[in-house]
Amino acid sequence: MTGRDRIVLMSVIVLAVLGGGWLLLVSPERKQAASAQTQIESARQQLQSAQAQAASERSAEAGYAAAYVSVVKLGKAVPPQEEVPSLVYELGQATNQRSIDFQSITSGATAASSATSGSAAAAATAPAAFTQMPFTFVFTGSFFQLAHLLGQVDGFARTTSTGTSATTPNGVEVDGRLLTIQGVTLAPDSEGASAAGKASNSGKLTATITATAYVLPASQGLTGGATATGPAGAGAAASSAAASSSSSPASPAVIQGRP
């Protein structure tokens, strides 16, 4: 065997050894490294997803208190119960501000001539889930006083012109019960005129207003079991503690209005 042949043979043997070492050692390690890299990328994606979800949950937790207050405030417009005494109180407060006599409140909308058509319109436009409560209110005052009162009552619950904001996150401002006014009948204050023994020339009018208030259906709660400390199911102990501190957050204080 010549020297050249020995060199060729040794080169072949070296290449065979290197190839075997590659197949036995390097190639499996590379495969394991590639698999580990894939697992690392998958874990990184899961981490990013978890971090995004955690940030979203922290944001929701930070806004929960404001959302809860907003829902409770909306409960003043559409409470879970009839709350007729609080409605009388709100109307009494409105009339006191304008020196108007609050004569009476009657359940049902039959006193005014427009009651039938107004009730039908209310039934057509009111949300089907709400329980409707028709009322007839009678007030006595001057024309301008009654006009301002009507605007105030109609604006107990109203949408804001600026939409949602920090103070009105749902775009609704609530100062009292949501009332849909179907009809208004104005007539001279004959009772006051007869008491004075002369024709009515005082400028006072009697306004008979037919309107509809609304109540949440019995199957729904105002907050769906949520409390000021957390949503429903967040913790029985926290829920019971919050419930004991504020058993009826949506109901205003009931004070007897003027007859």
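**View 1. Helix α2 passes helix α4 in a right-handed crossing.** A crossing counts as right-handed if the near helix is turned clockwise from the far one by less than a right angle, and left-handed if anticlockwise. This is a predicted model, where local features need pLDDT of at least 70 and side-chain atom pairs count only at pLDDT 80 or more, while totals for chains, interfaces and linings use all residues. Residues are numbered from 1 along each chain as its sequence is written, and side-chain values use heavy atoms, with hydrogens and water left out. Helices (H or I, at least four residues) and strands (E, at least two) are DSSP runs, numbered from the N terminus. Here α2 covers residues 84-97 and α4 residues 143-154; they pack at about 145°, axes 10 Å apart. Axes are lines fitted to C-alpha atoms, for helices over the stretch in contact, with angles from 0 to 180 degrees between N-to-C directions.

**View 2. Who touches whom between α2 and α4.** From α2 come Leu91, Ala94, Thr95 and Gln97, and they meet Leu149, Gln152 and Val153 of α4 (contact: heavy atoms within 4.5 Å). Sorted by class, that's four nonpolar, three polar and no charged residues. Nonpolar covers Ala, Val, Leu, Ile, Met, Phe, Trp, Tyr, Cys and Pro; charged is Asp, Glu, Lys and Arg; the others, Gly among them, are polar.

**View 3. An open sheet of four strands, in the order β1-β2-β6-β5.** Pairing is antiparallel, and two strands pair if DSSP finds at least two bridges between them. β1 and β5 (179-188) sit at the edges, each pairing on one side only. From one strand to the next, the twist averages 20°. α2 packs on this sheet, touching β1, β2 and β5, with its direction at about 25° to that of β2. Meanwhile, α4 lies across β2, β5 and β6 and runs at about 155° to β2.

**View 4. Bridges between the strands, pair by pair.** Six of them join β1 (residues 101-107) to β2 (residues 131-142), and isoleucine 105 stands opposite phenylalanine 137 in β2. Between β2 and β6 (residues 204-215) there are 12, with proline 134 facing threonine 212 in β6. β5 and β6 share nine; proline 188 has leucine 205 in β6 as its bridge partner.

View 5. Glutamate 83 lies in the loop between α1 (3-77) and α2. At 15% relative accessibility, glutamate 83 counts as buried (under 20% relative accessible area; exposed is over 50%, partly exposed in between, with a 1.4 Å probe and protein chains only).
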